[in-house]
Amino acid sequence: GRGVWKVTLQPMPAGGPHQFQGVHDNHGMLQWILLKDVMFGDVWVCSGQSNMEFAVKQVFNATEAIAEAAKYPNIRLFTADLVQSDKPLYDLEKILQPWSVASPESVGGPAWKYFSAVCWFFGRDLSNHLNYPI
């Protein structure tokens, strides 16, 4: 086993946070996992060229935009780190920013090395328009 697991849930209304607990019998030894702060909503994947690495800290009015992130606790952020490979990879090799609640700290990371400004503003605008977790 590679520690890969899957669960199918019934459709859930948008919102949260929720908690999920699971158990696995591994040769007579029970292994438990508790997932906390789970939200149901949309997941959007942003990718692209180097312009997608432009961080929120680098935008016009960055201080205001970073402070405003505290008003969006229903947005979650994640950033995979860049890894060069000559073959397809089964899983992420490096994570730059783990799943995080939007906050000035999670949005305002270092230039060229943190959450994409393009993705942040897109997610923020989606959140304002759709009014459920992103």
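Which residue forms a salt bridge with D125? It turns out to be R124, with the closest N and O atoms 3.1 Å apart; a salt bridge here is a side-chain nitrogen of Lys or Arg within 4 Å of a carboxyl oxygen of Asp or Glu. The model is a predicted one, in which local features need pLDDT of at least 70, side-chain atom pairs count only at pLDDT 80 or more, and totals for chains, interfaces and linings use all residues. Residues are numbered from 1 along each chain as its sequence is written, and side-chain values use heavy atoms, with hydrogens and water left out.

R124 also meets E68 in a salt bridge (3.1 Å, N to O). E68 sits in helix α1 and R124 in helix α3, so the pair ties together parts that are 56 residues apart in sequence. Helices (H or I, at least four residues) and strands (E, at least two) are DSSP runs, numbered from the N terminus. R124 is buried at 17% relative accessible area, while D125 is partly exposed at 41%; buried means under 20%, exposed over 50%, and partly exposed in between (1.4 Å probe, protein chains only). Through shared partners, salt bridges join E68, R124 and D125 into one network.

As for helix α3 itself, its buried residues include W120, G123 and L126. The buried residues of α3 pack against α1 (62-68), β3 (76-80) and α2 (104-107). After α3 comes N131, whose phi is positive, near 60 degrees.

Elsewhere, D37 and R76 meet in a salt bridge through their side chains (2.9 Å, N to O). This pair links distant parts of the chain, with D37 in strand β2 (residues 29-40) and R76 in strand β3, 39 residues apart.

Note on methods: Contact means heavy atoms within 4.5 Å.
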